Amino acid sequence: MGKTKKIASLIKIPLIRHLLFWLGIFSYFLITLEASYFRSYYQGLESRLILLSIQIIIAYCVLYILIPYFLTPKKYIQFSFFLLILLMFNYALFVSLQEFWHLPRYFDKTQNNTDYDSMKGFLDHIFKIQIIVSKSVKFLTPTIILLIIKFYNEQQRFLKINEQKKATELTTLKHQLNPHFLFNTLNNLYALTIEKSDEAPEVIEKLSEMLDYMLYGCNEKFVPLQKEIDLIKNYLALEKVRYGNRVTIQLNTPENSSAKIAPLILLTFIENAFKHGVSQELNKAFIHINIELEETMIYFKIENSIAKNKIPSRKESIGISNVKKQLELLYADTYSLTILEENDNFNVDLKIPIK
């Protein structure tokens, strides 16, 4: 296990990873080496080493000079020009190494009764467009592979940073929401203790269950819908104790399901209904809540009465503002939310995908 970790940590070192990459390229050359094309295996090996050296020069010139200084700043003409110069220079270097150093060493003088004509070979190859294009493709192949790997790694890094950012934002939003929820619930308990109500112990028990869930049960990105429904039922029971006959509550929920949902989303809308609807109503108020499952979607609808004496406010509540941000972060463009205020009623229709 320790050796595996050591190897894994070594592979993460950029220099080691690059060495392994070029070792892989060279291994491919050896596997595909046609021995019959060369006088000896060593000649083929030396020829591939020359090609590999040129590929390495081009790869790192492109990766660390041309791309940062020309392609990234969108200087496309300069990038194309210098890439062409780089390829031409390295092609000339490749032909020179082949004709003046490599081929003469393996030329059979006794069979041909003459020395190898390096200059003739150089001039025969240096101006042939077809060979230049063919060799340029070979020169650039490892560079393209490295660019694909680099692009993939950067995308993965970007996704990781984006996920971390989302997680941080969600944590911040939840921290803003929990004190808001706790403040409302403690107000309920305070009112009961002032009245010395016998229902205070029941409220403390339900509050304890809710806080336990909120502190330890909803730290995941998505939680079972049933747990959220249990939370809502506890919350409604607390509010029913507080408001008594002043409010009529209807709650329709699905049977036990394996569906998952982002935590505290639905509760926020219910809190809002009590805070801005029931608490300001002097007469009889109502809240109707409906949660349904249909194929791959969760449908949530809440309708509550609005106090006739309520002063209209243009400012959106903290809870609603936060829940909208959470929906954007978690569900992006896969959810729909409609909030309407009409005929002394406040309506929320939310549709989110099952997770």
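Student: Which residues form one aromatic cluster here?

Tutor: Phe21, Trp22, Tyr60 and Tyr64 do. Keep in mind that this is a predicted model, where local features need pLDDT of at least 70, side-chain atom pairs count only at pLDDT 80 or more, and totals for chains, interfaces and linings use all residues. Residues are numbered from 1 along each chain as its sequence is written, and side-chain values use heavy atoms, with hydrogens and water left out.

Student: Why is the aromatic pair of tyrosine 60 and tyrosine 64 called stacked?

Tutor: Rings of Phe, Tyr and Trp (its six-membered ring) pair if their centres lie within 6.5 Å, and planes under 30 degrees apart count as stacked, over 60 as edge-to-face, the rest as tilted. These two are 5.9 Å centre to centre with 10° between the planes, so they pair and they're stacked. Both lie in helix H3, 4 residues apart, about one turn of the helix.

Student: What makes phenylalanine 222 and tyrosine 331 an edge-to-face pair?

Tutor: Their planes are at 65°, with 5.9 Å centre to centre. Phenylalanine 222 is in the loop between helix H8 (200–217) and strand S1 (223–224) and tyrosine 331 is in helix H11 (residues 318–331), so the pair ties together parts 109 residues apart in sequence. Helices (H or I, at least four residues) and strands (E, at least two) are DSSP runs, numbered from the N terminus.

Student: How do you know whether phenylalanine 222 is buried or exposed?

Tutor: Buried means under 20% relative accessible area, exposed over 50%, partly exposed in between (1.4 Å probe, protein chains only). Phenylalanine 222 has 18%, so it counts as buried. Tyrosine 331, at 1%, is buried too, while tyrosine 60, at 23%, is partly exposed.

Student: Why does the charged end of arginine 105 count as sitting over the ring of tryptophan 101?

Tutor: The rule is NZ of Lys or CZ of Arg within 6 Å of the ring centre and within 35 degrees of the ring normal. Arginine 105 is 4.9 Å from the centre of the tryptophan 101 ring. Arginine 48 also sits over a ring, that of phenylalanine 29, 6.0 Å from its centre.

Student: Which helix gives the most to the lining of the second largest pocket?

Tutor: H4, with 7 residues. What makes a residue nonpolar, charged or polar is its type: Ala, Val, Leu, Ile, Met, Phe, Trp, Tyr, Cys and Pro are nonpolar, Asp, Glu, Lys and Arg charged, and the others, Gly among them, polar. On that basis, the lining divides into 8 nonpolar, 6 polar and 5 charged.
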